[in-house]
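Let us walk through this model together, starting with the whole chain and ending with single side chains. Please keep the viewer open as you read.

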Amino acid sequence: MRPTPKPRTGTLAYRRPGQLSHFPTLQVLAALCLACMSPRADDWPMRSHDPQRSGITPESLSIPLSRAWTHTTNRTPTPAWTESPARHDYLHNYYDLKPRQAFDRCFDVAVADGRVYFASSQSGTVTCLLANDNGDVVWTFFTDAPVRFAPHVVGERLYVGSDDGFMYCLDTRDGTVVWKERVGPTAEMLWGNENMISVWPVRTGVLVVDDYVYWTAGLFPEQGIYVCRRKAADGTGGWTHTLKRPAQGYLLASRNYLVVPTGKTFPLVFDRGTGAPIGDIKKSARDGGSWALIEAATDRIWSGPNTENALQSFDRATGARTAAIRGANCLVVDGANTFYNTDSELVKVTQSEDGVDRRGKKSGRARRQIVWSKKAPFPHSLIKAGALIFAGGRDRVAAFGENGEKLWEAPVDGRAFGLAAADGHLYVSTDAGSIHCFKATLPHLAHKPRLTRLDNSAATVTGYLASVGGAPASVGLYWGRKDGGTVPDAWQQHTELGERLSGTLSATIGDLETDATYYSRFAATNSYGTAWEEASDSFTTAEVAIAAADKQASEDGLVPASFTVSRSVRDTAEPLTVDYSVGGTAKAGGDYSPLSGSVVIPAGSRSATITVMPLDDLQLNEDKETVVVTIAPGPYKIGPIGTARITISDHDSMDGWRHKAKLTVTGYKGQEALNDFPALVHIDECIPGFSQDSMAQDWADLRFTDAEGSVALPYQIETSPQDGEAHVWVRIPTLTASTAICMWWGNSQCNAPPSYTTDGSTWAPHYVGVWHMNAESGTVRDASATANHGQPHDVKRAGPGVVGRGLEFDGAKSGVKLTSLLPIGHADNTLSLWINVPKVGEDGLGLTERVGVILGSFNDTPNSNWELHATGAMRWYWNNGHPDRRGKTDLRDGTWHHLAWVRDCQADKLYMYVDGEQEKEYADAGADITFTTLHAIGADNRPKGSPRFHGKMDELRIARAARPADWVRACFANQSSPGTFWSCTPGSAP
């Protein structure tokens, strides 16, 4: 046994083991039946609220919250495992590991019937506080060793386990022992964590479900580890089974089974009734974590963090992994919505059960899509209370709405690892040993759109009372010709609405002057004080009208048109925002630049202009199109003229072109329709009727359209026309095995090519980089709209590449440094290019030389490099311990090869292709990537020792899309032999 401690000062008085520090012991029968095993709806009776550890409660908290009290123990928690383990496992290639046995970093609370209970790993105590304005201590119970897990409260019983080996059932009224049990075979103790502890400590907490209590005891398999079930009333009956792995982390339970976390390995699953093992959720022996959660709707088990720093879910019946969220620290699953926090973000994703793989087959995995992602450095804890998300950070705690907007924030001392919401209060436990209690006090008025009716002499103003605060609230509307701010006497008028519940507010005010500006602001008062809306609103009784100033816009020369919005008000001291809707036959973003939907008439002015800028769209032979603008309701009166229109005339026609050829796809044999496919057309004398003399200067008259000649197709000339030939990329809306397009030329009136030939329109928006590498010198330009150009160092302009020229890298000093970050993020991506690597022994290439990086930024974490391995095979390399992914073909043969890496996050797979054929498939999409360091082509950002690329490159591109196999094959077929990819026949020009 441990030595007798000396008396301590502070809030806890010394006593002998089993003695109470406050109330005298009450005799309680061991077989006393429990009154009610179901917690109240507004309680938080255990850590994470319920046996599934969901972290979700229907209890709705009213914000803003104010600090009610702080309980400080003056003793910081002493975790069982260090929070800074070895970050790298070099033996198994795992890097930047997060703590995976972090279950006792704060004094987590349980809250029931107006009382707050917590246990201390420092003093070995269980303490009961009153959840009142002061957080007064009711009683404290001492065990003989640290208590590392929050208690579980059921009715008038509290259940808790200690490192002294005992599971205790205490009376919540005074902390006396109702019954206790130690399942270890002896009372043997050992020195651990600077305390004497049992050889069989309770390291999973205690869980009560359906009148039975569950717990485990033991650390060392060779000494015996036990999982137990007893009747919660008196500790009789039940069963005890032996485990083969250490049990560490909070127990969980579903309808029929018990889940036992096992620290760094995967959880074990047992039948709750019989204790029979159902099996563990197993991927690998080292791929678990002490945190766990059960999805209530699906019974999926979440566990982590694993060696990839991911929280992952598994189907309980099959053991198959159904999801993995890398970088997540905590998460809650509310139906189809999942909320999780990373070190710097708060994210909401939605999921469906109809996940399909890249071939269109059901994958058995939930399909997840990010709804929003907000910058929020609150990584330590996460719960959901009603419609609010609460997250804990370093010295801060915050509340967020379901749209991710931060609604409230407050300081705490230390890192907020524990959160609980109960009976209108928020409890925050920190690693400084403090428990903070927050509750609502003042009312809260949300600022929302206000004016619902306005006529010549009256207006109806609306607002929203989000919370009455800590007491009933009365509401009033202050209004007048001057803004009185938050000073009641500074307002000219006041309309009292009386005591109100939370919800929509409405007040009608009358006797308004004509052509005047008015201000209004709601205020709410309860016994804690008065709260005002964040800002005053204004409206005008003037009329607002619209007229077409310039009625005709034209695509020819991009001539704009405009509308004038005016107000008939004498007082123009305040600006006025006028909202409007847009209609008509013209399409925003295609025929004209999109309009904002509102215009501001500046202070001192009576009018403002809305400009309609036409776009030279790709539609040909269009009729005139209209843009109609209508004033929308707002804080003003709409005059008799509330709608106006302008027209846009088209100038695109193929009437002036003398030559036409039809190009039909013959080299694509795939079944899938490929959208926005950039196809290569080699223009030379093989095109029927084509000659250099029939073209305008610099080929300014070259055009491509669909087969009907009604839609222009964006194109880009890669190689400058010379000797009557050129390589041209054409964006095909939908490529199939029978697609046909038309090529047009022979219009001497064309002096310049269309703007879409140089602005990146040829490359769909999901392309984040397209480098042709064909310039004779200088910048390596990115042809996509991203314009992520590269600066070359020690590279040679190679002779003929696959498409025009390429770049040659020496494997020692060569590289191309990009100028901006690759915006890939947590998304699908495909990288493809052509390479030509020397044979081993040629051009100085050694047998074991790592051929090197194709595109990389090694020092990022997480990071991935696309590169070639020392074996000459394709490689996908993660710089965070994630396993490498390699191909199998040795590419060191002195010939050109087309390579493609495809990451499919939805299917959770990686694919590798060589010359259009898949050679590797991996059932893991790899670690998530958010690049914060600039990439380089042919190298990465290591100044020395970088495995730089040795060989030639051409036509490198990367896209935020998981390309199907048919796409990769089509690229290879089209680029390797554009002459056989198309068949050409002459056509008759108009």
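What percentage of the 990 residues in the chain is made up of buried residues? The figure is 56%, where buried means under 20% relative accessible area, exposed over 50%, and partly exposed in between, with a 1.4 Å probe and protein chains only. Before going on, please note that this is a predicted model, in which local features need pLDDT of at least 70, side-chain atom pairs count only at pLDDT 80 or more, and totals for chains, interfaces and linings use all residues. Residues are numbered from 1 along each chain as its sequence is written, and side-chain values use heavy atoms, with hydrogens and water left out.

How far can you trust the coordinates? The predictor's confidence in each residue is the pLDDT, which runs from 0 to 100; its mean over the chain is 86, and 88% of the residues reach 70 or more. Residues 1-39 have a pLDDT below 50, and this stretch has 71 contacts in the model beyond near neighbours in sequence, a contact being heavy atoms within 4.5 Å. Where pLDDT is low, the predicted coordinates should not be read in detail.

Now for the overall build. The chain has 2 helices and 74 strands; these are DSSP runs numbered from the N terminus, with at least four residues of H or I for a helix and at least two of E for a strand. Of the contacts between residues at least 6 apart in sequence, 62% join residues at least 24 apart. The chain exposes about 39600 Å², and 49% of this comes from carbon and sulfur atoms, as computed by the Shrake-Rupley method with a 1.4 Å probe, where for residues only the protein chains shown count as cover.

Two strands pair if DSSP finds at least two bridges between them. Inside this sheet, β65 (residues 852-856) and β66 (residues 864-868) run antiparallel and are joined by 3 bridges, with glycine 852 opposite leucine 868.

The antiparallel partner β47 (residues 576-583) is joined to β48 by 4 bridges, and its leucine 576 stands opposite isoleucine 601.

Finally, the aromatic rings. The whole structure holds 26 aromatic pairs: rings of Phe, Tyr and Trp (its six-membered ring) pair if their centres lie within 6.5 Å, and planes under 30 degrees apart count as stacked, over 60 as edge-to-face and the rest as tilted. Tryptophan 408 and phenylalanine 438 form an edge-to-face pair, 5.4 Å centre to centre with 75° between the planes. Because tryptophan 408 lies in β32 (residues 406-422) and phenylalanine 438 in β34 (residues 434-440), the pair ties together parts that are 30 residues apart in sequence. Both tryptophan 408 and phenylalanine 438 are buried. Tryptophan 763 and tyrosine 767 have ring centres 5.5 Å apart and planes at 85°, so this pair is edge-to-face. Ring pairs also link Phe141, Phe166 and Tyr168 into a cluster.
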